[in-house]
Amino acid sequence: MDLLLEKLLEAVEFGKVDKNSPYPPQLKGQDGAHEHTINAINSGIDPKSILEDALIPAMGRVGKKFSENKIFVPQMLMAAKAMGTSMVQLKPFFTTGEIKTKGTFIIGTVKGDLHDIGKNLVSMMIEGIGWTIVDLGVDVGSERFIEALKNNPGAVVGLSALLTTTMVNMEETVTEIRKQLPETTIFIGGAPVNNDFCQKIGADFYAPNPQKAVENLKSFAS
Ligand code: B1M
């Protein structure tokens with residue numbers, strides 16, 4: 001692999017955002033995702049290769065380490081931040097249609113629920129495998145999920161809930177989506193929900209963590 005891509009992969013995997021970023025200590029003073037991405041683009045590397053050969057594998061490694069409890073939320077957030085820095089440079093190539101995304105994933109935390117750390121991790125990991133994310137934020141009612149689905153035909157939707165009291169709102173959202181847009185593929189996740197609940201409410205996929213959500217999405221979309 002090109003040395004620039006290897007360096008970018010390492011920067012994202014270890015959460016090195018840019019040269020001035022003090023984290024991680026072992027990469028202090030070195031270029032980060034920001035500089036490596038600019039260098040890669042300027043040296044003529046195909047943006048698609050930057051995404052597929054550096055950023056996506058980096059997030060794959062991060063997701064694997066997270067699901068094996070080898071790293072924790074802060075390290076994952078730093079990796080996601082480094083990936084986001086890189087994506088800012090790549091975005092123009094997406095918007096011109098030079099790179100095709102794999103699909104659109106609409107995500108939000110359900111009505112009444114303000115927790116968004118887990119949701120953000122999931123959306124960053126899914127963005128990391130080349131999907132476009134429409135993040136509706138927190139406290140999202142069924143009507144907003146449905147509006148977003150109508151604006152993005154064929155999109156997959158992901159619902160997050162962290163409170164036992166908002167599980168009922170997740171169920172209500174799934175019921176409404178099934179009524180109005182029955183063909184929609186629905187992912188759910190969050191600490192109080194599980195596979196039994198997923199089946200009970202008629203969602204399609206449950207994931208306990210971002211890595212499993214990515215695996216489910218890959219197997220469903222392949
Ligand atoms: Co709140 N909170 N909180 N809280 N909070 C919990 C969830 C709680 C378990 C704490 C406790 O009592 N032990 C408890 C819920 C109890 C229950 O219902 N069973 C609780 C409570 C009660 C509350 C309030 C009601 C407290 C109050 O005001 N009395 C209140 C509710 C506000 C509201 O939402 N309406 C409240 C508020 C808050 C803060 C705003 C202060 C803050 C949220 C900040 C934010 O998110 N921006 C907060 C926090 C930080 C927590 C804890 C401490 C941490 C949650 C978190 O971010 N975890 C939490 C206790 C805990 O978990 N230890 C707690 C890290 C995150 C990476 O994990 O979100 O589970 P998690 O996401 C995981 C998986 O679940 C999965 O992937 C992620 C990574 O592995 N996942 C998905 C999540 N979404 C997914 C979607 C998918 C797939 C996987 O597909 C679509």
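In which loop is His115 found? His115 sits in the loop between β1 (104-109) and α5 (117-127), where helices (H or I, at least four residues) and strands (E, at least two) are DSSP runs numbered from the N terminus. The structure is a predicted model, in which local features need pLDDT of at least 70 and side-chain atom pairs count only at pLDDT 80 or more, while totals for chains, interfaces and linings use all residues. Residues are numbered from 1 along each chain as its sequence is written, and side-chain values use heavy atoms, with hydrogens and water left out.

**Cobalt site**

- His115 (NE2) is the single donor from the protein to the cobalt atom of the ligand, at 2.2 Å.
- Donors are N, O and S atoms within 2.8 Å of the metal (3.2 Å for Na, K and Ca); water is not among the atoms, so sites may look incomplete.

**Salt bridges**

- The count is 11 salt bridges, each defined as a side-chain nitrogen of Lys or Arg within 4 Å of a carboxyl oxygen of Asp or Glu.
- Lys48 and Glu52 form one of them, with 3.6 Å between the closest N and O atoms. The two are four residues apart in helix α3 (residues 47-67), and therefore separated by about one helical turn.
- Lys48 is partly exposed at 37% relative accessibility, and Glu52 is partly exposed at 36%; buried means under 20% relative accessible area, exposed over 50%, and partly exposed in between (1.4 Å probe, protein chains only).
- Glu176 pairs with Lys179, the closest N and O atoms lying 3.0 Å apart. Because they are three residues apart in helix α7 (residues 167-180), about one helical turn separates them. Lys179 is exposed, at 60% relative accessibility.
- Lys212 and Glu215 meet in a salt bridge at 4.0 Å, N to O. Three residues separate their positions in helix α9 (residues 210-221), which means about one helical turn. Relative accessible area is 39% for Glu215, a partly exposed residue, and 34% for Lys212, also partly exposed.
- An α-helix has 3.6 residues a turn, so residues three or four places apart point the same way.
- A network of salt bridges links Glu13, Arg61 and Lys65.

**Geometry of helix α3**

- Helix α3 has 21 residues and spans 28 Å from its first C-alpha to its last, close to the 30 Å expected at 1.5 Å a residue. The expected span is 1.5 Å times one less than the number of residues.
- At Leu55 the helix α3 bends by about 25°, and the proline Pro57 follows within four residues. The bend is the angle between axes fitted to the seven residues ending at a residue and the seven starting there.

**Backbone features in loops**

- Asn69, in the loop between α3 and α4, has a positive phi of about 60° although it is not a glycine. Asn69 is exposed, with a relative accessible area of 56%.
- Asp139 likewise is a residue other than glycine with a positive phi, near 55°. Asp139 belongs to the loop between β2 (132-135) and α6 (142-151) and is partly exposed at 39% relative accessibility.
- The peptide bond from Tyr23 to Pro24 is cis, with omega near -5°. Pro24 is placed in the loop between α1 (3-13) and α2 (33-42).
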